[in-house]
Amino acid sequence: MTRRAVRFAIAGVFGVSSSAHAQAPAAADASLIDGWRAVRIADCARCHGKDHEGLAAPSIVGFARTQSRERFIAAILDGNPEQGMPAYRGNPLIENHIDAIYRYFAARADGSVAAGAMPGRASDTATTLE
Ligand code: HEC
């Protein structure tokens, strides 16, 4: 696929969720990529499994499907240290991108984003996010 075709495909994928949020596709696309990238850098998958669908820890996708945005965000920022979920409050990578992280998992949960790498980002190697 050409770069242009990839961008077009991304716009198509996010058209559904972006209309629900009344945002331009370009903005939704950037936010979802930020969320995906933040969880990749934080390596949530080492406990939550490949594609975050559950391993030692439960599926984050399933949680996003059944819980409110507020409960989802609290589960990540407050964590549950006794049960093995770290509290990410004060971690800028997560705290600064918490809305994008929620939107990424909400999009995974409603099927508008597939498991695996973001479209066109299979070789993403960024290790930091502002
Ligand atoms: C060290 C292992 C570990 C890491 C790393 C980790 N988690 Fe968790 N997480 C857990 C465990 C264990 C639970 C279940 C806690 C419980 O039983 O209440 C959990 C629970 C959750 C829940 C609530 C799910 C539920 O069903 O209760 C969410 C949402 C979540 N984690 C998101 C994340 C995100 C996002 C990241 C990365 C920023 C992350 N976790 C990183 C271990 C981890």
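Leaving aside neighbours within four places in sequence, A42 is in contact with L93 and I94; two residues are in contact if their C-beta atoms, placed from the backbone, lie within 7 Å. The model is predicted, so local features need pLDDT of at least 70 and side-chain atom pairs count only at pLDDT 80 or more, while totals for chains, interfaces and linings use all residues. Residues are numbered from 1 along each chain as its sequence is written.

**Exercise 1.** Find the helix that holds A42, and decide whether A42 is buried, partly exposed or exposed.

Solution. 
- Step 1: A42 is found in helix α2. Helices (H or I, at least four residues) and strands (E, at least two) are DSSP runs, numbered from the N terminus.
- Step 2: a residue is buried if 20 or more other C-beta atoms lie within 10 Å of its own, exposed if 12 or fewer, and partly exposed in between, with C-beta atoms placed from the backbone.
- Step 3: A42 counts as partly exposed because it has 18 C-beta neighbours inside 10 Å.
- Step 4: T128 is 86 residues from A42 along the chain, and their C-alpha atoms are separated by 9.5 Å.

**Exercise 2.** Place A126 in the chain and classify its exposure.

Solution. 
- Step 1: A126 lies in the segment after α7 (98–109).
- Step 2: A126 has 10 other C-beta atoms within 10 Å, so it is exposed.

**Exercise 3.** Describe how α5 and α7 pack.

Solution. 
- Step 1: their axes are 10 Å apart and the angle is about 120°. Axes are lines fitted to C-alpha atoms, for helices over the stretch in contact, and angles run from 0 to 180 degrees between N-to-C directions.
- Step 2: this angle makes α5 oblique to α7, since angles under 35 degrees count as roughly parallel, over 145 as roughly antiparallel, 65 to 115 as roughly perpendicular and the rest as oblique.
- Step 3: R69, F72, I73, I76 and L77 in α5 meet I98, I101 and Y102 in α7.
- Step 4: the residues of this contact divide into seven nonpolar, no polar and one charged. Ala, Val, Leu, Ile, Met, Phe, Trp, Tyr, Cys and Pro count as nonpolar, Asp, Glu, Lys and Arg as charged, and the others, Gly among them, as polar.
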